[in-house]
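Please read them with the structure open beside you.

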Amino acid sequence: MNMALRPLRVAIVGTGPAGIYAADALMKSGVEVAIDLFERMPAPFGLLRYGVAPDHPRIKAIVASLHKILDKPQIRLLGNVDVGVDITVEELRGFYDAVVFASGANADRVLGIPGIELEGSYGAADFVSWYDGHPDVPRTWPLAAKQVAVLGVGNVALDVARILAKSADELLPTEIPPNVYDGLRVNRAVEVHVFGRRGPAYAKFTPLELRELDHSPNIEVIVDPGDLVYDEQARALRQNSKSVQLICNTLEQWASRTPGDRPCKLFLHFFQDPVEILDDGNGRVAGLRTERTLPGAAGDATSVDSRVDWRVQAVYRAIGYRSAPIVGLPFDGRAGVIPSEAGRVIADAEADEPGVRYLPATYVTGWIKRGPIGLIGHTKSDASETIASLLADAGGFAPPADPEPRAIVDFLERRGVPFTTWPGWYLLDAYERDLGAHEGRERIKVVEREVMVAVSRSFDETSDRRVSIEP
């Protein structure tokens, strides 16, 4: 097929904001395109479905705008397809002019301190996946600890702390599935301690996320006035950033008040560097040891000889996400990204040959490109850069072996991959909303992958046929 007589065919791997914004940028470019979005899960939207706390409906409202993009006729969804497993990267290239990887980051960063392997030491990403009803994690979560530590002062750390401190009934009106509600009902946490290495001016959470801690009738937020100190650089940050100013103001208000009688105490600690998770002698968490820090050069923290042992029975590390490598693509293990320049994937970052070599027609965007930093808004500019590179290169693309739209569908069917589609998402969406309506809730999320797939691939009863997968 002559590309001059057909649309530019692009595969985008990942249906979170990064992948969908890349698709949107392609459609707005003025070039005629046909886009297939591949998703490992049976349902789209990535971390918006499986990484945002269920009590944040306004953040998930972003799904509504992404939904409008996926409704465009130039886009086709192929869900429940694990690129690198169900289809290799090389096989995928055979159907498209270019491939964009937007697979994100959903694993926890490693924290190399003694005791990290103890029972009761958890990664925040795993806990988030559990309470968000991810189909590939266990259905239960151990919540016997009365005192809990959360390491990190970003929004994920606050999400984890808030979910641990809230009552199950507070979360029942959300979309949490029954197994999560049942687990949270027996949660024994009465103290949650959140630890940051640096001072309050360097906290990474947003003011809104911080203030939400105090909205729960179950959570008493406690801040030590002694932690609210600022060196010259911290004062400059506060003066030059409205967000930092709001954060510091909120913390100071909480530090100045007398604690009340709400059931769960949530402590925000600053200038405390976790150095060891303590063992109870039987391989379980018995405490957390921190080291007092002082501001250092460039806002970094330097330790001082002052250690504190905190009595906790569980530790959650929320120090950042990490991307997973994709079989068939280079990966920078230290940075946790696919090496790239302006979105073009670098073939071999360590090659001795002069100049940079790029993988043909292969691109990245989002966290797999730049690391898990920045808010959703940053993802749009990131996608624009990547798509600009793709379009600049398009004249030199080698034609794929089989660009016919039906070819990739036939391939997946021959391989026995039970893929889901965009019409199938409408079926699953309606099914989850119907589950919720029976209990007076907007939605109840389906957890079981096999149920998600079965509903998404069910017959369209209005026409007595399987939903069309043609573009």
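1. Which residue stands opposite Val285 in strand 12? Asp279 does, and the two strands concerned, strand 11 (residues 272–279) and strand 12 (residues 285–295), run antiparallel and are joined by seven bridges. Strands count as paired if DSSP finds at least two bridges between them; helices (H or I, at least four residues) and strands (E, at least two) are DSSP runs, numbered from the N terminus. The hairpin of strand 11 and strand 12 has five residues between the strands, and Gly281 there takes a positive phi near 95°. Strand 12 also pairs with strand 13 (residues 301–310), in the antiparallel sense and over seven bridges, with Glu291 opposite Arg307 in strand 13.

2. On provenance, this is a predicted model, in which local features need pLDDT of at least 70 and side-chain atom pairs count only at pLDDT 80 or more, while totals for chains, interfaces and linings use all residues. Residues are numbered from 1 along each chain as its sequence is written, and side-chain values use heavy atoms, with hydrogens and water left out.

3. The mean pLDDT (the predictor's confidence in each residue, from 0 to 100) of the protein chain is 92, and 93% of its residues reach 70 or more. Over residues 461–471, however, the pLDDT is below 50, although this stretch has 20 contacts in the model beyond near neighbours in sequence, a contact being heavy atoms within 4.5 Å. Where pLDDT is low, the predicted coordinates should not be read in detail.

4. An open sheet of seven strands has mixed pairing and the order 3-2-1-4-18-17-16; its edge strands are strand 3 (75–79) and strand 16 (340–341), each pairing on one side only. Within this sheet, strand 1 (residues 8–13) and strand 2 (residues 33–39) are parallel and share six bridges, and the bridge partner of Ile12 is Leu37 in strand 2. Helix 15 (residues 405–415) packs on the sheet, where it touches strand 1, strand 2 and strand 3, and its direction makes about 10° with that of strand 3; axes are lines fitted to C-alpha atoms, for helices over the stretch in contact, and angles run from 0 to 180 degrees between N-to-C directions.

5. The structure holds 36 salt bridges, each defined as a side-chain nitrogen of Lys or Arg within 4 Å of a carboxyl oxygen of Asp or Glu. One of them joins Asp393 to Arg344, with the closest N and O atoms 2.8 Å apart; this pair links distant parts of the chain, since Asp393 lies in helix 14 (residues 376–393) and Arg344 in strand 17 (residues 344–346), 49 residues apart.

6. A further open sheet, of six strands with parallel pairing, has the order 6-14-7-8-10-9. Strand 6 (121–123) and strand 9 (219–223) stand at its edges with a single partner strand each, so one side of each is left without a neighbour in the sheet. Strand 7 (residues 147–151) and strand 8 (residues 191–195) run parallel and are joined by five bridges, Val148 having Val192 in strand 8 as its bridge partner.

7. The axes of helix 16 (residues 422–437) and helix 17 (residues 449–456) come within 7 Å and cross at roughly 120°. At this contact, Gly424, Leu427, Leu428 and Tyr431 in helix 16 meet Val451, Met452, Val455 and Ser456 in helix 17.
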